[in-house]
Amino acid sequence: MEENQLLAEQFEGHRAHLTAVAYRMLGSLSEAEDAVQESWLRLTRAEGSEIENLGGFLTTVVARVALDMLRSRKSRREEPLAAPVPELPAGSSPVVDPEHEALLADSVGLALLVVLERLAPAERLAFVLHDMFAIPFEEIGAIVGRSPAAARQLASRARRRVQGPANASGADLARQREVIDAFLAALRAGDITGLLAVLDPDVVVRADAVAARAGAAAEVRGAETWAKQAAAYRGGARFARPALVEGAVGVVLAPRGRLFRVLTFTISGGKIVAIDVVGDPARLGQLDLAVLDR
């Protein structure tokens, strides 16, 4: 019993790191907690006293579990465990709190979580473990069953997806970003004057059929008309983040890291002349998204 208690205490010392790894792999705090709990179960089946590097062992285990979960997401079934999970100390397993998950998603980066969701499981693992946690490619290759060189290629391919195409000049993106940042700041504050400063007087705001069914007007013309309606979007604006959309600066709305809407912009002369709101899941899945801040 004392040995199991000591092992549990050592495991708790690694819990925050394991949760961070699993969350970036899975993008879901509840699934991350499941992966961490599974790593505890596997630890109790191993000879804990013979593990020289417990942190490294647990990181490998939670990464393998998360990779399996990513690969089986579409067909995964809920099945009871064959044996009870050894209990951790009372109060050690946190209850998933939506507000806590929202804060965690924001700390990781809502746009980054959205882009990570587009990667193949092995690519996501290689990128997360190497670029975010500095795990060597030798260890990553062992987890995905490939050579270190192949693991390096997985991370490189994922990195290109995350960073997006280099078909727009840095200066052009900076100008776009300045306008979009001002737009978002005004939208979050419900600042009509601030919105009018970045919107062309004849701006056209269009919503696709899915967004329109959810309450947005299919089309609104005129900066003053739309700005006066913008208060209705103030709450959702806290989930909005700039991102590269088809190589230009756009906005993703991703509550808790789940892509919900994408806004694309037409900018001319430092003013927004058109906004298109995409809510159709099929269309969202086709958009080329990448992060702006890395």
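Which helix or strand gives the most to the lining of the second largest pocket? In this predicted model, that's H9, with three residues.

**View 1. The second largest pocket and the residues around its centre.** We're looking at a volume of about 430 Å³ here. The lining counts 27 residues, and the closest to the pocket centre are Tyr233, Leu253, Arg261, Leu263 and Val277.

**View 2. Helices and strands that line the second largest pocket.** Two or more lining residues come from each of these: helix H9 (170–189), helix H12 (223–229), strand S1 (199–207), strand S4 (248–253), strand S5 (261–268) and strand S6 (271–278).

**View 3. Helix H3 crossing helix H7.** Now for a helix pair: the axes of H3 (residues 54–71) and H7 (residues 137–144) come within 10 Å and cross at roughly 45°. H3 is therefore oblique to H7. As for handedness, this crossing is right-handed.

**View 4. Side by side at the contact of H3 and H7.** On the H3 side, the contact is made by Thr60, Ala63, Arg64, Leu67 and Arg71. H7 brings Ala142, Ile143 and Val144. Split by class, the contact residues come out as five nonpolar, one polar and two charged.

How values were computed. Residues are numbered from 1 along each chain as its sequence is written. This is a predicted model: local features need pLDDT of at least 70, side-chain atom pairs count only at pLDDT 80 or more; totals for chains, interfaces and linings use all residues. Side-chain values use heavy atoms; hydrogens and water are left out. On a 1 Å grid over the protein atoms alone, a cavity is a set of points where a 1.4 Å probe fits but cannot get out, and a pocket is an open set with protein on both sides within 12 Å along at least five of seven lines; lining residues have an atom within 4 Å of a point. Grid points are joined across faces, edges and corners, and a volume is the space filled by probe spheres set on the points. Helices (H or I, at least four residues) and strands (E, at least two) are DSSP runs, numbered from the N terminus. Axes are lines fitted to C-alpha atoms, for helices over the stretch in contact, and angles run from 0 to 180 degrees between N-to-C directions. Angles under 35 degrees count as roughly parallel, over 145 as roughly antiparallel, 65 to 115 as roughly perpendicular and the rest as oblique. A crossing is left-handed if the near helix is turned anticlockwise from the far one by less than a right angle, and right-handed if clockwise. Contact means heavy atoms within 4.5 Å. Ala, Val, Leu, Ile, Met, Phe, Trp, Tyr, Cys and Pro count as nonpolar, Asp, Glu, Lys and Arg as charged, and the others, Gly among them, as polar.
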